[in-house]
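This report describes selected local features of one protein model.

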Amino acid sequence: MRHLAPFLKPIAHRGLHGAPGGGAIENTMSAFRAARDKGYAIECDIRPARNGLPVVFHDAELDRLVAGTGHLADVGGADLPRLGFKNAPAECIPTFADLLALAANKVPLLVEVKSEWQPPDQTFLAEVARLANAHHGPIALMSFDPAVMTVLKDLAPGVPRGIVSGNYLAIAADGEQWWERVLTRQRAERLTDLLESGPADPSFYAYDVKSLPTPVTRYVREVQRLPVFAWTVRNDADLATARLHADAPIFEGFLA
């Protein structure tokens, strides 16, 4: 398996976007170039477009960022150049292959594979694995959904894989628990404590900085000797927590 040492430095969440990135939009090539040029590692999100094509985009729907409506899964590869971002019309949704080409063999890529907690899309994951296996630079794959990473364990055994988590039971500012739409409370507790991670055999974890430290993340770092990345670090207090209780910050909104 490839080494994780290249990732033990600040990692730009969805690329370097907003004010630090010169106004770049999240998960765009401009944001990724800005992160590369500053010497940061890059974190990004990937989802399937039509026919399982891996593209770099956070949301399942187009509406928040792109001048279009509907499901990303209905968008074909030929449609991508016509879907400009609302605040950057010259930008379009990158494919995963586009980002890999930009990173080449130098920029570390920490790739979150998005999931709607349904059975994994085998066509999509097979193409993700094919591209990741062929990439010569530092790359690691991760997901909130352990089932996704279990599939990728078989498809891309040499690519580092991780589980993303945090305190699912923490009360959100608006009182809404997003996971209640898709998960039982029992499963939310298990995911908080990383108890579904075994079949994926992860080589690292990414954990919500607001939840650190926890007994399980201390066990991961101090006993298993696996790296923990802290997400999403947005201020100096978060950064101080990440430095004490994690191995690298996944940061956004300021220069870590």
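By class, six nonpolar, two polar and one charged residues make up the lining of the largest cavity. In this classification Ala, Val, Leu, Ile, Met, Phe, Trp, Tyr, Cys and Pro are nonpolar, Asp, Glu, Lys and Arg are charged, and the others, Gly among them, are polar. The model is predicted: local features need pLDDT of at least 70 and side-chain atom pairs count only at pLDDT 80 or more, while totals for chains, interfaces and linings use all residues. Residues are numbered from 1 along each chain as its sequence is written, and side-chain values use heavy atoms, with hydrogens and water left out.

**Cavity and pocket**

Spaces were located on a 1 Å grid over the protein atoms alone: a cavity is a set of points where a 1.4 Å probe fits but cannot get out, a pocket is an open set with protein on both sides within 12 Å along at least five of seven lines, and lining residues have an atom within 4 Å of a point. Grid points are joined across faces, edges and corners, and a volume is the space filled by probe spheres set on the points.

The search of the whole structure finds one cavity of 30 Å³ or more. The volume of the largest cavity is about 30 Å³. Its lining consists of Phe144, Pro146, Ile163, Val164, Ser165, Leu191, Leu194, Glu196 and Ser197. Strand β8 (residues 161-165) gives the largest share of this lining, three residues. Helices (H or I, at least four residues) and strands (E, at least two) are DSSP runs, numbered from the N terminus.

The second largest pocket holds about 310 Å³ of space. It is lined by 18 residues, of which Arg47, Pro48, Lys114, Glu116 and Asp121 are the closest to its centre. Two or more lining residues come from each of β2 (41-48) and α3 (122-134). The lining of this pocket divides into 11 nonpolar, three polar and four charged residues.

**The loop between α5 and β9**

Leu194 is found in the loop between α5 and β9. Its phi is near 60°, a positive value in a residue other than glycine. Leu194 is buried, with a relative accessible area of 9%; buried means under 20%, exposed over 50% and partly exposed in between (1.4 Å probe, protein chains only).

Glu196 lies in the loop between α5 (185-192) and β9 (204-208). Leaving aside residues up to four places away in sequence, Glu196 touches Pro146, Arg187, Arg190 and Leu191, where contact means heavy atoms within 4.5 Å. The side chains of Glu196 and Arg187 are joined by a polar contact. The table lists this pair with two others; a polar contact is a pair of N or O atoms within 3.5 Å, and within protein one must be able to donate a hydrogen and the other to accept it, with residues adjacent in sequence counting only if both atoms are side-chain atoms.

| Side chain of | Partner | Distance |
|---|---|---|
| Glu196 | Arg187, side chain | 3.0 Å |
| Asp238 | Lys210, side chain | 2.7 Å |

Asp238 lies in helix α7 (residues 236-245) and is buried, with a relative accessible area of 5%. Beyond residues up to four places away in sequence, Asp238 touches Val209, Lys210, Thr232 and Val233. Asp238 and Leu212 are 26 residues apart in sequence, with 9.6 Å between their C-alpha atoms. Leu212 is joined to Pro213 by a cis peptide bond, with omega about -5°. Pro213 is in the loop between β9 and α6 (215-222).

Thr28 is in the loop between β1 (11-13) and α1. Thr28 counts as buried at 0% relative accessibility. Phe85, Glu91 and Pro94 are touched by Thr28, again not counting residues up to four places away in sequence.

**Helix α2**

Which residues of helix α2 (residues 96-103) are buried? They are Phe96, Leu99, Leu100, Leu102 and Ala103. Seen down the axis of α2, these residues fall within an arc of 160°, so they line one face of the helix; the arc is that of the directions from the helix axis to the C-beta atoms. The elements covering them include α1 (29-38), β2, β3 (54-56), β6 (109-113), α3 and β7 (139-143).

Ala104 follows α2 and is found in the loop between α2 and β6. Ala104 has a positive phi of about 50° although it is not a glycine. With a relative accessible area of 38%, Ala104 is partly exposed.
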